[in-house]
Amino acid sequence: MTILDETYTLPNGVDIPKLGLGTWFIDDDRAADAVRAAVEIGYRNIDTAQAYGNERGVGEGVRTSGVPRDELFVSTKLAAEIKDYDRALAAVEGSLGKLGLDRIDLMLIHSPQPWDDFRGGDYAEGNRAAWRALEEAHRTGKVRSIGVSNFQQQDLENLLQGATVVPHVNQLLVHAGNTPSDLLAYCEDKQILVEAYSPIAHGSILENAEVKTMAEKYGVSVPQLCIRYTLQLGTVSLPKTANPEHMRSNTEVDFEISDDDMNVLRDLRDVDYGEHSAFPVYSGK
């Protein structure tokens, strides 16, 4: 048994694999090949988003992977700019059409604010409206599980005011060097599973001397150490790659980080994302 066989169970009884494939920055015309390669290696959790522009390719990869649909867990995300019920409901149909699937296993609101106003204005009412649309899609079976991404505690509290379904998932930027411990604890208290995107800090942590030394101590690579760290935090880990060799290496995390080393990684502060700081989620807001 490897990490690819391990799952968490969401509060609604749906199982989600602990390790998934992130597809941000994988072009649509390359996405199908990446998904097929990942599934052949043993991945069963595939994550995309409307904003990635590759739902068509991801869906093709899922449909042509040779693995029964029921064995794959496919996530996508509602565009961050959609903050009303009707457009959100239509966007669910849009994702189903682009993916070429009859259901989505997990659909998230990608951000509590549009990307051009990330961590900016008040979109509380719009988020509640979009959430009602996801609840409707969940109720009708078009979406098996629903959640959010990049939501802070106040954003979650806003949703919970009128929600009939507590978000099953909150997908967050979590990695050694950026561990939002208070938010992780809040989500755990609300039984909201956290998914860690960019567990390797979008590559920025690869040259961190302290992390490199720790990886050498365990006889693993820096990416393997960072993925293992997010798994031991109790999150789903979603490393992104289109490289089959890296996909395979990312699954080789059958080791245990000691409590002391977990504390070192948890307390680490390393958030220099370099050129990627241009993206809202890495901007430090």
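Reader: Which way do the residues of β9 point?

Author: In this predicted model, Leu193, Glu195 and Tyr197 point one way from β9, while Val194 and Ala196 point the other way. Residues on both sides are buried. Five of the five residues of strand β9 (residues 193–197) are buried, so the strand is largely enclosed by the rest of the structure.

Reader: Which strand do five bridges join to β9, and in what sense do the two run?

Author: Strand β8 (residues 169–173) is joined to β9 by five bridges, and the two run parallel. Between β8 and β9 the chain passes through helix α6 (residues 181–189), and this β-α-β crossover is right-handed. Opposite alanine 196 in β9 stands leucine 172.

Reader: How many bridges pair β9 with strand β10?

Author: Three bridges pair β9 with β10 (residues 236–238), in the parallel sense. Tyrosine 197 has leucine 238 in β10 as its bridge partner.

Reader: How are two packed helices described?

Author: One gives the angle between their axes and the distance between the axes. Here, helix α7 (residues 209–218) and helix α8 (residues 222–232) pack at an angle of about 90°, with axes 9 Å apart. That angle makes α7 roughly perpendicular to α8, because angles of 65 to 115 degrees count as such.

Reader: Which residues of α7 and α8 meet?

Author: Val211, Lys212, Met214, Ala215 and Tyr218 in α7 meet Val222, Leu225 and Cys226 in α8. By class, this contact has seven nonpolar, no polar and one charged residues.

Methods:
Residues are numbered from 1 along each chain as its sequence is written. This is a predicted model: local features need pLDDT of at least 70, side-chain atom pairs count only at pLDDT 80 or more; totals for chains, interfaces and linings use all residues. Side-chain values use heavy atoms; hydrogens and water are left out. Axes are lines fitted to C-alpha atoms, for helices over the stretch in contact, and angles run from 0 to 180 degrees between N-to-C directions. Helices (H or I, at least four residues) and strands (E, at least two) are DSSP runs, numbered from the N terminus. Angles under 35 degrees count as roughly parallel, over 145 as roughly antiparallel, 65 to 115 as roughly perpendicular and the rest as oblique. Contact means heavy atoms within 4.5 Å. Ala, Val, Leu, Ile, Met, Phe, Trp, Tyr, Cys and Pro count as nonpolar, Asp, Glu, Lys and Arg as charged, and the others, Gly among them, as polar. Buried means under 20% relative accessible area, exposed over 50%, partly exposed in between (1.4 Å probe, protein chains only). Two strands pair if DSSP finds at least two bridges between them. A crossover is right-handed if, with the strands pointing away from the viewer, the path from the first strand over the helix to the second runs clockwise.
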